[in-house]
2 protein chains.
Amino acid sequence: MSNVILVKSDFDRFSEWADEFRKHDILAVPWDDMARHRETVKYALVWQPEPGALASLPNLEVIFSVAAGIDHLKGEGLVPAGIPVVRMVEDSLTAGMVEYIVYNVLRFHREMPVYERDQTNRIWKPRVQQSAWDRTAGILGLGVLGSAAAVALHRLQFNVIGWSRNPKQVPEVTSYFGQDQLEPFLEQTEFLVILLPLTEDTGGIVNRDFLNKLPRGAYVINAGRGPLVVDEDLLAALDQGQIAGAALDVFNQEPLPTESPYWKHPAVTITPHVASITLPATSTRHVADNIQRHREGKPLTHLADLSRGY
Amino acid sequence: MSNVILVKSDFDRFSEWADEFRKHDILAVPWDDMARHRETVKYALVWQPEPGALASLPNLEVIFSVAAGIDHLKGEGLVPAGIPVVRMVEDSLTAGMVEYIVYNVLRFHREMPVYERDQTNRIWKPRVQQSAWDRTAGILGLGVLGSAAAVALHRLQFNVIGWSRNPKQVPEVTSYFGQDQLEPFLEQTEFLVILLPLTEDTGGIVNRDFLNKLPRGAYVINAGRGPLVVDEDLLAALDQGQIAGAALDVFNQEPLPTESPYWKHPAVTITPHVASITLPATSTRHVADNIQRHREGKPLTHLADLSRGY
């Protein structure tokens, strides 16, 4: 096997990656064995590599991000100059994100946290339910994941609108774009789904002003990146009732520190960055396809632009 | 308005029904005013009428059930002989059921109750996630609601199978039918969605033998009727780990009595019979259409067969 890929994923067992890559005739070597394979490694599949590590590989040709976002590859000495970086786009990642978004929108739409509290108190109290077609979900970030979530919510009969930095077209979704159209987007959004990439422009975008433009009692779902949100502002908006509930999968610091007020906030649901998980079985196909393209001299798919940030 | 309908719904305000019926040129009168309107009432829209009440209306022509199920109309003296009964089939009812089923299947699929317990203990612990396409949801009852739920789960990439008493065809769903095919259906079902009508044949169908045929660690979602389930058997299966979790919207006795062990069971999620709610705005259209058909001498749609039980 002439294709050697160095793998750094903090989530799955290395053996699973190795088994799946072997099916594609690719030899996976674990990150800790980098020294022994320094000369032979042509590809790297990484999540949060240490600075300087990738630059120490003399024959590295392509870097694959384990995640859809590439913010973990931005920073001094992380990516050697001239080496292309490929974003992760694969079926499991998309399916997982759609599930997480649909689950959480339905959870808030159907007031499930309220019924859970009622159950704790043995209270039987049916509540009048609004129809999905009378409510609006707003997707902040209409990339691969945001578009798939929008389609799934539309199929459940929600009104779906979207916002992105540049114009995007998604069937059945009213799209807004650019700073000027952020306000009309937010004013209608009862369920805000945050799926923006983290860039210099988007960090801290979800702050007090932003949250105050949502209708009172809106819900926030963050499955993008923690630093998109200003935590103090979200907590204040939750305490004031401006935001009725939040489902958070990503945080400014991960693992979420024990002392974070999010843990015990009654209107906050926490998951440990599992909304959408890259699975070896499906993602190695995406990587192998791209390696094949690269070897044939064809352009890589889902190439990231580090200067743009996604 | 020559069309007078008597309304008994325990959930919504009567004024909402009256407003919506007025749009269709139908005069709604409240159940408590029955005596004053006895002669003029031609139609009745009811949920759990008292025995003898409907028989006291000399000019009653059609009975409409507020619910999809008509088990609340079975019993001595509830429906006068020869008066047709129409089941409720309307968009809100279907959409609500799809939401409830999708929400609860995703909740179990994504181990959300586990993450909620982790949050209570400030534990950050990502878990490996199975793909929807490697898991099977089984719909028990493939009527209007069951078929719609099946389609929605299929779109989320679950394998979907169904069982009904008589053969049914739903696109993308492997259908089983009859007593003989119950076992192969149950053996594959990791997420059991109970949507059968309650009849003499189906009461208590979900008993110990039935539950033991499911794979160990299966999940049960009952959005049909409470008496389909033998409570002691479900509780025992939950305690033994044969069933890993249950989402229950309907119960043998409603409201669920305070002393029921379901309330505090850690693997049980309770909602107060709100999975699917008939909304006046949409259901009055269905009723008005059928009244129109009746007046024109056309056959009624969604006519129930009281002897069959649905």
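Guide: The answers below treat the sheet, its strands and the helices in turn. This is a predicted model, in which local features need pLDDT of at least 70, side-chain atom pairs count only at pLDDT 80 or more, and totals for chains, interfaces and linings use all residues. Residues are numbered from 1 along each chain as its sequence is written, chains are lettered from A and ligands numbered from 1 in the order in which they are written, and side-chain values use heavy atoms, with hydrogens and water left out.

Visitor: What makes β8 and β12 of chain A edge strands?

Guide: The open sheet has seven strands in the order β8-β7-β6-β9-β10-β11-β12 (chain A), with parallel pairing. Strands are DSSP runs of E with at least two residues, helices are runs of H or I with at least four, and both are numbered from the N terminus. Two strands pair if DSSP finds at least two bridges between them. β8 (174-177) and β12 of chain A each pair on one side only, and they are the edge strands.

Visitor: How do you know that β6(A) and β9(A) pair?

Guide: Four bridges link β6 (residues 136-140) of chain A to β9(A), in the parallel sense; the definition asks for at least two. Ala137(A) stands opposite Phe191(A) in β9(A). Toward β7 (residues 159-164) of chain A, β6(A) forms five bridges, also in parallel, and there Ala137(A) has Val160(A) as its bridge partner. β9(A) is in turn joined to β10(A) by four bridges, running parallel, with Ile194(A) partnered by Asn222(A).

Visitor: What makes both faces of β9(A) covered?

Guide: Buried means under 20% relative accessible area, exposed over 50%, and partly exposed in between, with a 1.4 Å probe and protein chains only. In β9 (residues 191-194) of chain A, Phe191(A) and Val193(A) on one side and Leu192(A) and Ile194(A) on the other are all buried. In a regular strand the side chains alternate between the two faces of the sheet.

Visitor: Why are the buried residues of α8(A) said to line one face?

Guide: In α8 (residues 231-239) of chain A, the buried residues are Asp231(A), Leu234(A), Leu235(A), Ala237(A) and Leu238(A). They fall within an arc of 160° seen down the axis, so they line one face of the helix; the arc is that of the directions from the helix axis to the C-beta atoms. The face turned away from this buried side carries exposed Glu232(A) and Asp239(A). Among the elements covering the buried residues are α7 (208-212) and β10 (218-222) of chain A; contact means heavy atoms within 4.5 Å.

Visitor: Why are α3(B) and α5(B) called oblique?

Guide: α3 (residues 91-109) and α5 (residues 144-155) of chain B pack at an angle of about 50°, with their axes 9 Å apart. Axes are lines fitted to C-alpha atoms, for helices over the stretch in contact, and angles run from 0 to 180 degrees between N-to-C directions. Angles under 35 degrees count as roughly parallel, over 145 as roughly antiparallel, 65 to 115 as roughly perpendicular and the rest as oblique. The two helices are therefore oblique to each other. Residues in the contact include Met97(B) and Ile101(B) of α3(B) and Ala148(B) and Ala152(B) of α5(B).
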